[in-house]
Amino acid sequence: MKWERVLRPRAYLPGPAGPAPPAPSPAPARQPALPRTLASGSSTRARTPRRAPTMAKRSSLFIRIVEGKNLPAKDITGSSDPYCIVKVDNQPIIRTATVWKSLCPFWGEEYQVHLLPTFHSVAFYVMDEDALSRDDVIGKVCLTRDTLATHPKGFSGWAHLTEVDPDEEVQGEIHLRLEVVQGTRACRLRCSVLEARDLAPKDRNGASDPFVRVRYKGQTQETSIVKKSRYPRWNETFEFELEEGVAEALCVEAWDWDLVSRNDFLGKVVFNVQRLRAAQQEEGWFRLQPDQSKSLREEGNLGTLQLEVRLRDEMVLPSGCYQPLVQLLCREVKLGTQSPGQLILLIEETTSTECRQDVATTLLKLFLGQGLAKDFLDLLFQLELGRTSEANTLFRSNSLASKSMESFLKVAGMRYLHGVLGPIIDRVFEEKKYVELDPSKVEVKGVGCSGLHRPQTEAEVLEQSAQTLRAHLRALLSSLSRSVRACPAVVRATFRQLFRRVRERFPGAEDENVPFIAVTSFLCLRFISPAIMAPKLFHLRERHADARTSRTLLLLAKAVQNVGNMDTPASRAKEAWMEPLQPTVRQGVAQLKDFITKLVDIQEKEELDLQRALSLQAPLVKEGPLFIHRTRGKGPLMSSSFKKLHFSLTTEALSFAKTPSSKKSTLIKLAHIRAAEKVEEKSFGSSHVMQVIYTDDAGRSQTAYLQCKCVNELNQWLSALRKVSINNTGLLGSYHPGVFRGDKWSCCHQRDKTDLGCDKTRSRVTLQEWNDPLDHDLEAQLIYRHLLGVEATLREKHRQLSAGPEAGPVLTGPGGGSGQSYLQPRMPHSFWKPPGKRRGTEETPACPQYRGHRFEPWSRKIPHAVEQQSPCATTTEPALYREPQLLSPCATTTEAHMPRARAPQQEKPPQ
């Protein structure tokens with residue numbers, strides 16, 4: 001076969017954002033301007049050029065807080081109760097669990113946060129929790145966006161905690177207008193201080209008393225003081241006389257006024273007067289900067305924090321651009337092992353171990369959106385079975401099939417897991433019993449006394465522990481046996497395919513249990529057991545377990561693993577001290593086999609009926625208890641006016657009821673939501689209150705105030721509300737973070753109730769959850785970027801699979817005709833070549849590393865990223881790229897590229 005001769009499409013993309021001096025915040029995003037050859041109409045063709053398709057730049061942070069070491073003692077007991085607060089641009093978004101009485105805490109918590117591309121920094125504050133007083137600050141680690149951009153694979157390692165300086169804890173922006181005007185004798189500099197927003201709260205009431213101090217050439221002028229506001233408006237103007245040749249800067253500082261103590265610093269902006277003189281006028285929102293005039297402090301002995309932080313910027317194109325790639329992947333899955341391209345096999349063999357989980361999750365979500373998740377997993381099962389010779393090593397390695405199935409169970413079965421496992425986990429946490437089966441670890445002291453007021457013996461402790469574990473194991477197996485109908489139909493159908501494939505591969509009588517073990521290797525060993533050992537990571541509990549409860553959970557997880565292994569001699573030989581549980585384990589094996597038999601006994605008609613019935617119901621996004629207060633009249637708003645109700649959020653409405661089982665009443669229709677934002681602390685005396693702005697049936701604007709119990713619950717509800725309403729029409733761009741009390745807003749003191757708002761909304765700031773709505777374009781973009789990262793290896797693997805150097809399958813369009821390759825995003829015709837340019841000789845002057853060359857017959861399976869930006873930091877204007885060569889990016893590139901592909905290694909099955 002001959003390779004297709006294909007032109008590679010190109011796209012207009014803005015250059016990477018690099019560090020810049022204080023400058024006005026950018027205006028609302030707009031389409032990048034066309035290159036001069038297109039915009040000026042100098043083309044020989046008399047036609048109007050097409051506009052570039054809408055592109056969206058999305059930024060996300062992967063955060064893993066691992067552990068701390070050598071933290072200082074903050075309590076009189078010589079220990080601390082540490083936890084972490086994660087702030088993005090000084091806005092708290094994550095709180096880890098508290099690790100009690102430890103100077104070397106381990107958290108192991110992972111989060112993924114979707115952010116605006118304009119964020120500046122992420123900071124990790126280590127705090128000591130106190131029950132009777134304010135929590136103590138131990139130290140912090142701050143990573144700027146520029147720092148993360150220099151680590152394309154992410155920052156990973158230990159970082160020293162530094163002392164928290166109040167003069168560095170600044171936030172917010174200030175609106176200024178600067179003009180150079182002609183005076184009677186000389187030019188004058190006019191500085192108009194208009195307003196500020198999102199200033200740091202410096203007072204105990206959660207507000208500040210801000211004023212602005214303007215300094216130039218030894219002269220100082222101040223605005224009036226605005227009491228109790230983080231969103232002040234001044235509208236005051238000051239003038240200074242300019243002198244020729246004077247290089248002194250103009251400094252605008254924001255301060256919090258205090259009557260008794262010294263004023264608190266809120267931030268500053270410094271301007272180059274010579275540049276202002278050249279520009280004549282400048283106006284905009286300027287980000288307040290910390291005071292860096294102090295000498296650098298030594299780090300001191302505040303301990304260290306182990307972190308993993310990875311920034312990922314993606315330029316997501318319109319859906320039509322990804323259709324060729326998505327169609328090819330879907331065709332590969334539908335054809336299964338009969339596919340001539342074997343693309344899924346190539347992806348598996350070229351994916352390194354370190355990024356296999358991300359690739360598996362992305363592929364799974366992509367096929368879930370296409371309704372092919374079951375077929376995709378079935379193909380992976382067949383590939384895994386085809387290279388497995390021994391039944392005892394089946395699905396034991398971290399292959400693409402294993403990782404994809406893990407992600408599938410979390411995405412499709414998390415609610416099912418909560419229903420089965422939740423009550424058992426809650427009982428273990430509530431009882432807090434001492435449980436130990438290993439005689440070498442039994443602690444008789446502190447276990448308690450019997451009725452005769454004597455300490456329990458070791459034998460009594462072991463027997464009581466065995467009874468407790470047997471009760472928990474029986475309850476879990478009983479709950480699992482009753483949950484066949486509660487299991488999602490797509491999960492049951494996938495297990496049915498797995499069961500059939502394994503039974504066809506190992507049909508012998510000696511392998512009778514192999515199909516059951518294949519199912520339990522995912523259900524028990526990779527889903528239920530990890531959830532038992534780490535219930536917080538599966539959202540079963542809000543806090544980590546203490547040492548005693550953790551040991552109980554670990555022993556229960558070991559018992560579940562033994563049941564999942566069908567009580568094989570190998571599993572019994574590992575830990576002989578688990579023998580007291582063997583009768584319950586053997587009984588559990590029979591229960592589990594009966595459960596699996598019923599689980600996989602689902603016909604296609606029943607599967608379709610269950611899916612059809614489920615599709616008629618609005619999917620539940622989030623539910624839980626909240627406190628509600630809706631403003632009515634002019635009375636004061638206090639925390640006591642909130643009423644506790646059970647709320648449910650679906651893809652149709654936000655509803656409430658008195659109890660989870662009561663009849664629900666609709667509070668807000670989803671299509672009517674216009675914003676979901678936080679409320680400032682001083683409004684209700686709590687920092688965990690959010691507001692949902694919506695329109696009622698009559699078209700009037702209404703606000704519902706909902707109070708959560710912690711910062712994590714607050715951000716989870718905000719994320720859920722923002723995700724389900726992101727496509728609503730009429731979303732607000734600004735809002736009031738306060739309340740309208742009496743005759744004015746509490747935040748900015750404006751008296752117009754219909755005022756547009758004093759702060760910008762943050763509808764794009766969300767937390768990643770397993771039950772998030774699928775984003776088809778983003779998943780396709782992530783797969784496309786991964787394929788580019790392994791392009792060379794993928795091409796070599798394809799040659800090895802081909803019949804010969806001149807033969808092999810060709811990836812073409814539908815019907816096998818010539819045209820665009822299926823592995824390249826399809827762009828409009830106007831993007832292929834700018835008028836007036838000779839084919840194959842165009843270069844990008846602003847980026848010499850990217851050089852054009854003549855088009856050749858299509859010999860590369862994967863085109864370079866259409867969304868990839870110029871790696872040179874000096875490129876700031878939109879450029880038209882042509883088939884760039886694969887070169888290593890500069891350190892300033894903000895794209896978080898995947899690691900380079902390594903030769904696949906044989907993974908040994910766990911012992």
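Lys598 is partly exposed in this predicted model, with a relative accessibility of 46%. Its partner in a salt bridge is Asp594, at 3.4 Å from N to O, and Asp594 is partly exposed too, at 41%. Both residues sit in helix α14 (residues 582–599), and because they are four residues apart, about one helical turn separates them. Elsewhere, salt bridges with shared partners tie Asp198, Arg230, Glu680, Asp759 and Arg762 into one network.

Why might such pairs form? Side chains of opposite charge can pair when their charged atoms come close.

| Salt bridge | N to O distance |
|---|---|
| Lys598 and Asp594 | 3.4 Å |
| Arg551 and Glu436 | 2.8 Å |
| Glu463 and Arg470 | 3.5 Å |

Are Arg551 and Glu436 buried or exposed? Arg551 counts as buried at 16% relative accessibility, and Glu436 is buried at 4%. The two come from distant parts of the chain, 115 residues apart: Arg551 lies in helix α12 (residues 547–564), while Glu436 lies in the loop between α8 (400–431) and α9 (458–481).

Now to the strands. An open sheet of four strands runs in the order β13-β10-β9-β16, with antiparallel pairing. Strands β13 (233–241) and β16 (281–287) are at the edges with a single partner each, so one side of each has no neighbour in the sheet. On average, neighbouring strands of this sheet are turned by 20° against each other, direction ignored. Seven bridges connect β10 (residues 187–197) with β13, and Arg190 stands opposite Glu239 in β13.

Key: Residues are numbered from 1 along each chain as its sequence is written. This is a predicted model: local features need pLDDT of at least 70, side-chain atom pairs count only at pLDDT 80 or more; totals for chains, interfaces and linings use all residues. Side-chain values use heavy atoms; hydrogens and water are left out. Two strands pair if DSSP finds at least two bridges between them. Axes are lines fitted to C-alpha atoms, for helices over the stretch in contact, and angles run from 0 to 180 degrees between N-to-C directions. A salt bridge is a side-chain nitrogen of Lys or Arg within 4 Å of a carboxyl oxygen of Asp or Glu. Buried means under 20% relative accessible area, exposed over 50%, partly exposed in between (1.4 Å probe, protein chains only).
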